[in-house]
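Please find below some notes on the model, arranged as numbered points.

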Amino acid sequence: MVQDPNFPPNLDIKPLYHQGDWGDAFSHKSQTAAIEKYGIAGRVWEAAYALMLYVNPPTGPHEWLFDPPFIAADPGPPLPTVMIELGSGTGIVASVLGRLGGTVIVTDLPEVCPLLEANLRHDSESLFVRPLAWGNEEHALKIEKEFLCDKPLTDVICSDLVYFPELLAPLLRTLLHLTASYSPRIIISYKIRSLPKETPFWTAFGLYFTFQPVLIRKDLDSDWECFGLSFEDTMFTFVAHRRPESRQWSIPSSDSQLLAGVGTQGTDTPKGDDSFDCLLLMTMAT
């Protein structure tokens with residue numbers, strides 16, 4: 001029997017506490033009930049909070065500045081956006097994305113979609129809940145056929161998805177599928193939990209994608225720093241783009257070979273990218 005990733009053995013998690021008002025759907029009480037029914041998917045996770053700040057930064061006398069910004073300062077009319085959020089869970093990030101306009105496709109495992117439907121039922125009409133299990137090509141093709149026939153995918157949103165080792169290859173496989181015919185911006189918010197378990201994702205991801213950390217400056221007199229380093233737990237938000245040459249590479253069907261870099265750069269030799277390791281070293285030195 002396949003283990004439900006939302007109910008790993010000895011699951012013991014509590015709702016994420018937040019002093020502000022996230023609305024009834026994401027309250028402590030609602031998270032408690034959702035965790036009991038949906039497991040991990042029912043909790044609001046820390047990197048989701050970071051991503052919401054990036055998407056919708058605080059305003060006021062000390063305006064936060066991001067580099068690159070989520071929404072570019074463009075004097076022209078806004079371009080239409082089509083975003084896909086992977087592993088949406090409670091839907092709290094999607095509830096913020098929906099306020100920006102455009103089309104937002106909110107995805108998770110089929111058994112989690114009822115939670116998303118319930119939590120987002122009063123939100124923007126631009127939000128569409130659809131099943132998308134990582135690594136499931138049929139799910140991805142259905143979304144492409146429904147939403148991407150006449151307009152390109154502009155953004156893929158990933159909030160706190162890099163954790164279980166067995167899900168790293170399926171996640172990467174889905175990112176590769178969604179960027180095979182389109183050139184969307186990939187936004188990944190990430191909380192470090194276990195570097196030995198999580199680093200294999202980044203060493204493989206960097207072979208196929210260029211990525212950079214989002215920087216923040218909380219006022220004009222402050223220095224730029226990596227967004228998330230000042231949080232209680234170390235977090236990053238990355239902006240990534242598919243390497244054009246990687247679309248010509250053969251992607252192995254084996255998950256272990258995919259994470260080992262087999263097929264990248266046109267060879268079957270295992271390899272990895274060190275961008276993530278270098279970033280960690282630089283942040284430790286500051």
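1. Two strands are said to pair if DSSP finds at least two bridges between them, and strands (E, at least two residues) and helices (H or I, at least four) are DSSP runs, numbered from the N terminus. This is a predicted model, in which local features need pLDDT of at least 70 and side-chain atom pairs count only at pLDDT 80 or more, while totals for chains, interfaces and linings use all residues. Residues are numbered from 1 along each chain as its sequence is written, and side-chain values use heavy atoms, with hydrogens and water left out.

2. Strand β5 (residues 155-159) pairs in the parallel sense with strand β6 (residues 185-191) over five bridges, and Val156 stands opposite Ile186 in β6. Strand β2 (residues 82-86) also runs parallel to β5, joined to it by four bridges, and here Val156 is the bridge partner of Ile84.

3. β5 is mostly covered, with five of its five residues buried, where buried means under 20% relative accessible area, exposed over 50% and partly exposed in between (1.4 Å probe, protein chains only). Asp155, Ile157 and Ser159 point one way from the strand, whereas Val156 and Cys158 point the other way, and all are buried.

4. A separate point concerns the open sheet of three strands in the order β1-β8-β9, in which the pairing is antiparallel. Its edge strands, each pairing on one side only, are β1 (65-67) and β9 (225-226). Between β1 and strand β8 (residues 215-217) there are three bridges, and Leu215 in β8 is the bridge partner of Asp67.

5. How do helices α6 (residues 165-178) and α7 (residues 195-208) cross, and at roughly what angle? Their axes (lines fitted to C-alpha atoms over the stretch in contact, with angles from 0 to 180 degrees between N-to-C directions) come within 9 Å and cross at roughly 20°. The two helices are therefore roughly parallel to each other, a label used for angles under 35 degrees. The contact (heavy atoms within 4.5 Å) is made by residues including Leu168, Leu172 and Leu175 of α6 and Phe201, Ala204 and Phe205 of α7.

6. Ala41 lies in the loop between α1 (28-38) and α2 (46-55), and counts as buried because its relative accessibility is 5%. Leaving aside residues up to four places away in sequence, Ala41 touches Asn6, Gly89, Thr90, Val112 and Leu115. Of these, Val112 is 71 residues from Ala41 in sequence, yet the two are 7.1 Å apart in space, C-alpha to C-alpha.

Conventions:
Angles under 35 degrees count as roughly parallel, over 145 as roughly antiparallel, 65 to 115 as roughly perpendicular and the rest as oblique.
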